[in-house]
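Please have a look at the model first.

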Amino acid sequence: MLAYLVKRTAWAGVLFLVITMVTFVLFFVLPVSNARFVRRTEFSSNEFKRTLQVDGPLYKQYGQFLARIVKHGSLGASYDSRRDVNAIVGQAAPVTLSLVLGGAIVWMLIAIPVGVLSAVRPRSLLDRVTIIGVLVGISA
């Protein structure tokens, strides 16, 4: 049991590092997003680099990015509105949660009766159509 928990915790750590690294590269390393931001604001290129703390080597920038997330729980500021991203996500969370719960309820109301009918009549037309629908859904 302990080995399983250690293994899962290690994989969670690896996944966290991969996700934060991809996010860091997309938002801070690629020049396209930086150029768009500089063009929309009154910042000069040097002020932009100082504000986002992207004026050092990449490993140092990534370390600061991780420290902001882990130590302070901060996702930073929005490029467009300059509001705190945590506040933006928190504001959108109730709507997202209601959509997810509503979709899950509708999905269960459809999936359970269709699954029961498919189990009662194996290899029927309904069963075959259901299997195809499930495979398409998983593939999507």
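There are 2 aromatic pairs in this structure. To count as a pair, the ring centres of Phe, Tyr or Trp (its six-membered ring) must lie within 6.5 Å; planes under 30 degrees apart are stacked, over 60 edge-to-face, and the rest tilted. Phe-24 and Tyr-62 have ring centres 5.6 Å apart and planes at 70 degrees, so this pair is edge-to-face. Phe-24 sits in helix 1 (residues 2-29) and Tyr-62 in helix 4 (residues 58-72), 38 residues apart, and the pair links these distant parts of the chain. Helices here are DSSP runs of H or I, at least four residues, numbered from the N terminus.

This is a predicted model: local features need pLDDT of at least 70, side-chain atom pairs count only at pLDDT 80 or more, and totals for chains, interfaces and linings use all residues. Residues are numbered from 1 along each chain as its sequence is written, and side-chain values use heavy atoms, with hydrogens and water left out.

Now the other pair. Phe-24 also pairs with Phe-65, at 5.6 Å centre to centre and 50 degrees between the planes, and that pair is tilted. Since Phe-24 is in helix 1 and Phe-65 in helix 4, the pair ties together parts 41 residues apart in sequence.

Phe-65 is buried at 8%, and Tyr-62 is buried at 14%. Phe-24, Tyr-62 and Phe-65 make up one aromatic cluster.

Conventions:
Helices (H or I, at least four residues) and strands (E, at least two) are DSSP runs, numbered from the N terminus. Buried means under 20% relative accessible area, exposed over 50%, partly exposed in between (1.4 Å probe, protein chains only).
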